[in-house]
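Hello,

Here is the model I promised to pass on. Have a look at it first, and my notes follow below.

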Amino acid sequence: MLVLTRKLNESIHIGTDIEIFVVEIKDDHVKIGIKAPKDIPVHRAEIYKSILEENSLAASTSEAALQNIGELLPEKPSKQDP
Amino acid sequence: MVKLAERTSTKRIQFTTTRFGQVEIDEANVIRFVDEIPGFPETERFILIPHKEDSPFAWLQSVDAPDVAFVVTDPWLFFENYKPTVNEIDLEKLEVAGGAEDSSDEGWVMLSILTIPKDPKKMTANLKAPVIINTRNNTAKQVILSSEDYTTKHRLFNRS
């Protein structure tokens, strides 16, 4: 892994169209700005990881798990806010 | 309820699944993921199998991996105020136009993947990363919403 030292407001180019800025440094937080073409997905690593993990959990549902669900459902599914 | 219009072509395909045994369907009903589902690079082809008549749930079953199947639902059946904003690139990739407000006649549907633990009362919906299917050409993608309002786990039933 390439490791570079940067100061506040300095940046790093990745290729020709991606630029990473150090926007703010405060205690142990670093605020990072990312300039990238809109077709490059940018996500916090833990979000992608949480989706990976949730997908794996979801895919392990057994057929039996759904059998008992009928009892949980009222005539029409209940609605509630997330 | 979670059902796509039946399509027909001349080619039928057969494949094996862990949960449903041997399945034979018209190839025109296969849903193709344009990008891999995070965690499942080995499969891009899926079919939608309704759970039961009038059930709000369906199975998104992999054609390529017998043991890979997700339970999915229409998120608005349970979360009527759900307002997912899908980024433009994902919409373009799926050749789906417009915002994610009402999917019924827009040529696409959105589904949420459910996680069902041992106690099904505690099942959750992944509202952070819904699946969008373009119903005109049966392409799909699991998109990640940037909104901080949604997570991968929202309880469907009472939290008590």
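Which residues of the largest nonpolar core touch the most other members? They are B:I47, B:F57, B:Y82, B:M123, B:I132 and B:L156, in a core of 37 residues. (A nonpolar core is a set of buried Ala, Val, Leu, Ile, Met, Phe, Trp, Tyr and Cys residues joined through side-chain atoms within 4.5 Å; buried means under 20% relative accessible area with a 1.4 Å probe, protein chains only.) Apart from it lies another core, of 20 residues, among them A:A58, B:V2, B:L60 and B:V72.

Please keep in mind that this is a predicted model: local features need pLDDT of at least 70, side-chain atom pairs count only at pLDDT 80 or more, and totals for chains, interfaces and linings use all residues. Residues are numbered from 1 along each chain as its sequence is written, chains are lettered from A and ligands numbered from 1 in the order in which they are written, and side-chain values use heavy atoms, with hydrogens and water left out.

Now to the interface. Chain B brings 48 residues to the contact and chain A brings 31 (contact: heavy atoms within 4.5 Å). About 3,500 Å² is buried between the two chains, 62% of it from carbon and sulfur atoms (accessible area lost on being put together, 1.4 Å probe, summed over both parts). The rule finds two salt bridges across the interface (a Lys or Arg side-chain nitrogen within 4 Å of a carboxyl oxygen of Asp or Glu). A:R44 and B:E148 meet in a salt bridge, at 3.0 Å from N to O.

Best wishes

Note on methods. Buried means under 20% relative accessible area, exposed over 50%, partly exposed in between (1.4 Å probe, protein chains only).
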